[in-house]
Amino acid sequence: MDRSTLALFTFLADLLLRAGLAVMIVLRSRGTPSVRLAWLLVVIIVPFGGGFAYLLLGGVRIGTRRMRRHRAAHEWLRSRNAEETHAGRIPGAAAARLIEQLGGEPLTGGNVLDVYSNSDEAATVLIADIDRAQHSCDVLFYIFLDDLIGVAVGQALMAAARRGASVRVLVDAFGSKRFLRSRLRREMEGAGVQVRPAMPVHFLGLAVARLDHRNHRKIAVIDGRIGWTGSMNIADKTFELKRKYAPWVDVMVRVDGPAVYDLHTLFIEDWVVESRDSPDRLRQVRPEPHANGAVVQVLGTAPHRYPLALRELSLFGFPGSEGQITMTTPYFVPDEVTVTALTTSARSGIETRLIVPRKNDSPLVAAASRSFYERLLEAGVRIFEFRPGLLHAKTVVIGRDRSVVSTANLDRRSYELNFEVTLIVLNESFNARLRAIHADYIAQSDEVRLDAWRTRGAVRRFTENLVGTMAPLL
């Protein structure tokens with residue numbers, strides 16, 4: 001084959017690849033128009049590389065077998081839940097019914113909640129809960145490190161297993177790859193702890209599944225009666241993997257009440273998919289409601305089910321809120337709907353505040369985040385950049401009595417690609433405690449002022465806005 005023929009063949013192959021992928025992109029039922037447009041531009045502008053990038057990263061693909069196992073476990077657990085009496089279940093208002101339709105559980109009353117903004121304190125209380133376990137410890141975290149906290153948690157889990165408790169540990173295969181190869185993992189398994197990787201990374205499986213679908217949930221359930229969730233991984237706040245951004249600043253919630261059952265259901269679904277256990281073999285109890293406890297709703301999202309529920313949740317109560325809205329997130333790459341919700345809230349007279357870290361472990365995300373600043377500031381949104389470390393908490397306080405604590409960031413990855421869990425709380429006391437945490441963050445932050453922001457250099461403005469055009473893909 002001479003050069004001219006080879007060049008023509010290459011040109012036609014590239015043209016056919018781009019044309020076929022363009023049709024695929026336009027036909028995809030998932031995602032937003034902005035995401036489709038962004039991928040169309042990548043495929044059209046970048047020869048070959050754009051097409052391969054889309055094949056690797058462009059669609060929601062977690063594998064047919066995995067989807068089938070998830071669907072079977074989900075349907076079995078939901079049918080069992082529907083047949084049984086639900087302790088603490090209460091009728092919900094319109095917003096609560098919306099969240100149920102998006103894949104969340106019904107509201108439960110009678111939950112006693114403790115919130116921790118100090119990772120060391122949260123780890124100490126979690127370990128104490130594990131030390132009291134009699135029947136089971138079920139733990140699911142994106143990152144489990146073999147550092148001081150990781151070893152302390154691991155030792156507590158090993159002691160529980162030696163006492164005869166069933167101990168199951170599920171960790172993300174990518175986020176916890178070092179732990180999965182560690183001596184600590186081997187010691188835990190030797191003591192009777194069952195350890196499984198979630199979403200194993202197989203390069204040979206790229207044809208049927210994406211590598212970057214991750215299980216980003218953080219859940220711990222002790223004896224089926226005490227539950228934990230929030231933004232903290234099983235790791236020291238110095239976070240050895242990215243020490244220069246430390247300390248990692250997180251929020252964790254300890255739940256004692258009926259909502260623990262819903263957290264446990266999410267763990268069981270993920271566990272049976274990875275372990276092939278039958279869900280009816282895993283012991284599950286329904287905690288009784290406490291007098292004067294908080295009203296809580298649990299929302300679990302995943303790439304193949306309710307992928308845009310978190311986007312809908314970001315609109316939860318914004319337009320009709322009274323008083324104040326404060327959000328914290330380490331990775332702020334919102335879609336157009338979320339930006340509109342924030343600007344509408346601010347323009348309608350609601351004090352709308354956003355707290356993000358000044359230094360971010362992802363330069364691309366940091367630049368993309370700042371491309372939205374001017375529009376938000378012009379609408380009256382107050383933006384604070386947290387100085388001491390990487391603010392990793394994912395929280396929202398809405399008005400007087402609505403709060404959200406989540407594992408999810410305010411970006412497309414959390415919206416569409418990750419397995420996430422979100423706790424929605426309707427309670428004035430909990431709301432006040434979270435507001436106090438936010439006040440502490442703001443005291444350690446610098447407020448971004450519109451006039452000063454407009455004076456930043458042209459090179460910086462160009463870079464941020466250029467990266468901002470990639471926001472639908474980040």
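Helices (H or I, at least four residues) and strands (E, at least two) are taken here as DSSP runs, numbered from the N terminus. By that reading, glutamate 351 is found in strand 11. The structure is a predicted model, in which local features need pLDDT of at least 70 and side-chain atom pairs count only at pLDDT 80 or more, while totals for chains, interfaces and linings use all residues. Residues are numbered from 1 along each chain as its sequence is written, and side-chain values use heavy atoms, with hydrogens and water left out.

The overall picture comes first. The chain holds 18 helices and 17 strands. Of its 474 residues, 58% are buried, where buried means under 20% relative accessible area, exposed over 50%, and partly exposed in between (1.4 Å probe, protein chains only). Contact is defined as heavy atoms within 4.5 Å. Among contacts in the chain with a separation of 6 or more, 82% join residues 24 or more positions apart. The accessible surface of the chain comes to about 19,900 Å², and carbon and sulfur atoms account for 58% of that area; accessible areas come from the Shrake-Rupley method with a 1.4 Å probe, and for residues only the protein chains shown count as cover.

Glutamate 351 counts as partly exposed because its relative accessibility is 27%. Leaving aside neighbours within four places in sequence, glutamate 351 is in contact with Gly323, Gln324, Ile325 and Arg382.

Helix 13 (residues 363-370) is largely enclosed by the rest of the structure, because six of its eight residues are buried. These buried residues are Val365, Ala366, Ala367, Ala368, Ser369 and Arg370.

Charged pairs come next. Side chains of opposite charge can pair when their charged atoms come close. A salt bridge is counted when a side-chain nitrogen of Lys or Arg lies within 4 Å of a carboxyl oxygen of Asp or Glu, and by this rule the count comes to 25 salt bridges. In one of them, the side chains of aspartate 172 and arginine 214 meet at 2.9 Å, N to O. Aspartate 172 lies in strand 3 (residues 166-172) and arginine 214 in the loop between strand 4 (194-198) and strand 5 (219-222), so this pair ties together parts that are 42 residues apart in sequence. Both aspartate 172 and arginine 214 are buried.

Arginine 454 forms a salt bridge with glutamate 378, with the closest N and O atoms 2.9 Å apart. This pair links distant parts of the chain, since arginine 454 is in helix 17 and glutamate 378 in helix 14, 76 residues apart. Arginine 454 is partly exposed at 39% relative accessibility, and glutamate 378 is partly exposed at 40%.

Aspartate 446 and arginine 387 also meet through their side chains in a salt bridge (2.9 Å, N to O). Aspartate 446 lies in strand 17 (residues 445-448) and arginine 387 in the loop between strand 12 and strand 13 (390-391), so the pair ties together parts that are 59 residues apart in sequence. Aspartate 446 is partly exposed, with a relative accessible area of 26%, and arginine 387 is partly exposed at 39%. Asp446 and Arg387 also belong to a network of salt bridges that links them with Arg358, Arg370 and Glu385.

Several loop residues complete the account. Serine 176, in the loop between strand 3 and helix 8 (177-180), counts as buried at 0% relative accessibility. Beyond its neighbours within four places in sequence, serine 176 is in contact with Phe141, Tyr142, Ile143, Phe144 and Val171. The loop between strand 6 (226-230) and strand 7 (248-249) contains proline 247, and the peptide bond from alanine 246 to proline 247 is cis, with omega near 0°. Phenylalanine 239 is found in the loop between strand 6 and strand 7 and has a positive phi of about 45° although it is not a glycine. Phenylalanine 239 is buried, with a relative accessible area of 6%.
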